[in-house]
Amino acid sequence: MIKMFLKRHWVTLTGVLTGALGGFLYWYFIGCSSGSCPITSSPVNSALWGAVLGGLLFNAFERDVPKEK
């Protein structure tokens, strides 16, 4: 069950991981030092938003795979 899920959605999951890493790196190198920015003031918030955006972006490139019986 899990193996089939990973096989079908590996592109989206790769996007989530890439986006989370990108969000964390954005916080680390560019982030908001004053703490007034709601997204970039925290590494967790930056990584979560990056994961969401990465998943959405990579999901656009995922092909439709017919269900196996």
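Modeller: Helices are DSSP runs of H or I with at least four residues, strands are runs of E with at least two, and both are numbered from the N terminus. The model is predicted, so local features need pLDDT of at least 70, side-chain atom pairs count only at pLDDT 80 or more, and totals for chains, interfaces and linings use all residues. Residues are numbered from 1 along each chain as its sequence is written, and side-chain values use heavy atoms, with hydrogens and water left out.

The protein chain has three helices and zero strands. From the N terminus on, the order is α-α-α. Along the principal axes, the C-alpha atoms fill a box of roughly 55 × 20 × 15 Å. The radius of gyration is 15 Å, whereas a compact globule of 69 residues would come near 11 Å. That radius is taken over C-alpha atoms, and the globule rule is 2.2 Å times the number of residues to the power 0.38.

Next, the surface. The chain exposes about 5,700 Å², and carbon and sulfur atoms supply 70% of that area. Accessible areas come from the Shrake-Rupley method with a 1.4 Å probe; for residues, only the protein chains shown count as cover. Of the 69 residues, 20% are buried. Buried means under 20% relative accessible area, exposed means over 50%, and partly exposed lies in between (1.4 Å probe, protein chains only).

Contacts come next. A contact means heavy atoms within 4.5 Å. Take the contacts in the chain with a separation of 6 or more: residues 24 or more positions apart account for 57% of them.

Now the loop. Thr40 sits between helix 2 (10-29) and helix 3 (43-59). Thr40 counts as buried because its relative accessible area is 15%. Leave aside residues up to four places away in sequence, and Thr40 touches Tyr26, Trp27, Gly31, Cys32 and Ser46.

Start with Cys32. A disulfide joins Cys32 to Cys37, with the sulfurs 2.4 Å apart. A disulfide is a covalent bond between the sulfur atoms of two cysteines. The rule used here is a pair of cysteine sulfur atoms within 2.5 Å. By that rule, the count is one disulfide. The link of Cys32 and Cys37 is right-handed, with 65 degrees about the S-S bond. What about cover for the two ends? Cys32 is buried, at 14% relative accessible area. Cys37 is partly exposed, at 27%.

Then Ser46. This residue lies in helix 3. Ser46 is buried because its relative accessibility is 4%. Beyond its neighbours within four places in sequence, Ser46 contacts Gly23, Trp27, Ile39 and Thr40. Asn45 is also in helix 3. Asn45 is partly exposed, with a relative accessible area of 31%. Asn45 touches Pro38 and Ile39, not counting residues up to four places away. Asn45 and Ala60 are 15 residues apart along the chain, and their C-alpha atoms are separated by 23 Å.

A pair of aromatic rings is described by the distance of the centres and the angle of the planes. Rings of Phe, Tyr and Trp (its six-membered ring) pair if their centres lie within 6.5 Å; planes under 30 degrees apart are stacked, over 60 edge-to-face, and the rest tilted. The whole structure has four aromatic pairs. Phe24 and Trp27 have ring centres 5.5 Å apart and planes at 40 degrees, so this pair is tilted. Phe24 and Trp27 are three residues apart in helix 2, which means about one helical turn between them. Phe24 is partly exposed at 36% relative accessibility, and Trp27 is partly exposed at 26%. Tyr28 and Phe29 have ring centres 4.9 Å apart and planes at 90 degrees, so that pair is edge-to-face. Tyr28 is exposed at 55%, and Phe29 is exposed at 63%. Phe24, Trp27, Tyr28 and Phe29 form one aromatic cluster.

For contrast, look along helix 2 to Val16. Val16 is partly exposed, at 30% relative accessible area. Aside from neighbours within four places, Val16 contacts Ala51, Gly54 and Gly55. From Val16 to Ser36 is 20 residues in sequence and 26 Å in space, C-alpha to C-alpha.
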